[in-house]
Amino acid sequence: MTELPVRSGWTLALVSVCAFLTSLDVMVVVTAIPTIRQDLDAELADLEWTINAYNLAFGCLMLIGAALGDRFGRLKMYVLGLAMFTAASALAALAPTIGVLIVARALQGIAAGVAIPVSLTLLSSAYPPHKRGMAMGIWGSVSGLAVAVGPVVGGLITQGLSWHWIFWLNVPVGVAATVLSAKLLRESYGPRPTLDLVGLALVSIGLFGLVWAAIRMPLLEWNDPEIVLSALGGLLLLVAFVRWEKHTEHPMLPMSYFRNRGFAVANVSAFFQHLALIGSLFMLAQMFQEGFGHDPVGTGLRLLAWTVMPLLVAPIAGGFADRLGNRPFMIVGLLLQGVGLAWIAAVARPDVGFSSLFLPLVLGGVGIAMCLPTTINLVFASVPADDVGVASGVNSAVREIGGVFGVVFLGAAFAARGHYGDQGAAMDGFQAALLVGAIASLVGMLAAVFAPGKSQADTRTSA
C-alpha cells in the first residue's frame, strides 16, 4: 500500500477546523443560555451542566487523547473524534429536553478531548521544526478567533434563527472536515502504546463527584448524605488517582512534573485564571440579558470588549515575555482580570450604561491576553523538549477543569444571593458571582508570584 504524502497545508487547514469548532462550542452556547433556560424550562443546575458536561469531558479525555492516537493511530482517532463531534452536535440540535442536551454536550466534550490532542501531533509531524512555530501560531489564532466571535455568533444565530442552529452549524463543516481528513491526511503512530484507563476512570469519576456535590449544594443542605458522599467519594478517588499516577509505569499525568516549580505554578495559576474566566463569562452573558435586558446579539457585541482582547494583545504580550520573562505578565494579567471583574461587580445595576462597563471589560480582556500565552510558555519552558506534548495536554486539561469549577462556584454564589425572575434579585446574584471570579483571579496572581524568573525558567530544571 502506497503511503500518502504529507500535505502540510491541508493538515493545517483541517486541524484548524477542529480547533475552531471545539473552541467555538465553549463560547457560542454562552449567549444562548437564557433562551435555552426558557425554551427547555431549565434550572440553574441544568444550565451549569450544559457548560460543564462539555468542559469536564473535554478536560478528562484531553489527558489520554494523545495516548489513544499513539496506540490506535493518530489519523484514525482524529477522524473518529471529528465524526463523533459532528454526530453529537446533531443530537444537541435535536434535543427535546435539557437532559438530552446535557448528554449531547458530554459526547461533544469526549469527542473534542480525543480530537484536539491528536490534531496537534498530526500538525507537528506535518511540518519541519523550523516551521512548526508558524503552524502552531496559526492554529492558536484560529482558536482565539473562535473565542472572540463565539458570543456574537451565538447571539446572531439564537436571535435570527433559534438556539438549535448553534449546533446545526457544526454539522456540514464537521462532515466535510471528516471526509477530507480521512482522504488527504497521513496516518502516524507514537511511542506510547499503553493506555492508563485506570487513571482516566479515577480522575473522571472523582471530578464528577466533586462537581455534582457543588452543583447540588444550593438545592440541599450542606450536610445532606448525597452531598457528603459525593464530595467525600470524589476526594478519595482523586487521592487514589494521585497515588496510582505515582506508581504506574505509563501515567497519563506524570506527577514528577509537579516537582518543577515553574510547571506547578503555571498550572495553579491557569486553574484559577480559567475558573474566573469561564465562570464569569457564564454569568456575564446572562447578566447582559437577564439583568440589563439586552437581546442575544447585543449581548454578544458587548462581550467583544472582553473576548477580542486576547486575539489582539496575546501575540504582543508573548513577544515581550520572550525578553522579560513570563512572571511579570502572569502577575499583572491576573491582577487586571481580577480588577476588571471586581469593577463590574461594583458598578453593575439594572440602569447602568454600557459606557460604565466598557473599560473594566477591556481591562479584564487585556489581563486574560497577558496571562494566557505566558502561562503556556512557562509550562513549555519547565519540561524537557520531549515532554512538551504531554505537558501541554496536562495544562489544557487543568484549564478546562478550572472552567468547570468556575461555573460551579460562581453559580453557587449567584444562587446564594439572587435568583431568576426578578431583575433586581438577578443583579444581586450576578454581582456576587463576579466578585467570586475576581477573588479567584487574585488567588491565581498570588500563585504567579512564586513563578521562577526568566533565567530560572529557561533552565528546564527543578527550581
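Student: Which residues in α10 does α9 meet in this predicted model?
Tutor: Start on the α9 side, where the residues in contact include Val198, Leu202, Leu210 and Trp212. Across from them, the α10 side takes in residues from Glu226 to Glu245. Among those α10 residues are Ile227, Leu235, Leu238, Phe241 and Trp244.

Student: How many nonpolar, polar and charged residues does the contact of α9 with α10 have?
Tutor: Sort the residues by class, with Leu and Trp going to nonpolar and Gly to polar. For the contact of α9 with α10, that gives 16 nonpolar, 5 polar and 3 charged residues.

Student: Is α9 roughly parallel or roughly antiparallel to α10?
Tutor: Helix α9 covers residues 197-216 and helix α10 covers residues 225-247, and their axes are 7 Å apart. The angle between them is about 155°. Angles over 145 degrees count as roughly antiparallel, so α9 is, relative to α10, roughly antiparallel.

Student: Is threonine 178 buried or exposed?
Tutor: Threonine 178 sits in helix α8. Leaving aside neighbours within four places in sequence, threonine 178 is in contact with Val79, Leu82, Ala83 and Thr86. Its relative accessibility is 12%, and the cut-off is under 20%, so threonine 178 counts as buried.

Student: What separates the C-alpha atoms of methionine 445 and glutamine 337?
Tutor: Methionine 445 is in helix α17, and it touches Ile331, Leu334 and Leu335, not counting residues up to four places away in sequence. Along the chain, methionine 445 and glutamine 337 are 108 residues apart. Their C-alpha atoms, though, are separated by 9.6 Å.

Conventions
Residues are numbered from 1 along each chain as its sequence is written. This is a predicted model: local features need pLDDT of at least 70, side-chain atom pairs count only at pLDDT 80 or more; totals for chains, interfaces and linings use all residues. Side-chain values use heavy atoms; hydrogens and water are left out. Axes are lines fitted to C-alpha atoms, for helices over the stretch in contact, and angles run from 0 to 180 degrees between N-to-C directions. Helices (H or I, at least four residues) and strands (E, at least two) are DSSP runs, numbered from the N terminus. Angles under 35 degrees count as roughly parallel, over 145 as roughly antiparallel, 65 to 115 as roughly perpendicular and the rest as oblique. Contact means heavy atoms within 4.5 Å. Buried means under 20% relative accessible area, exposed over 50%, partly exposed in between (1.4 Å probe, protein chains only).
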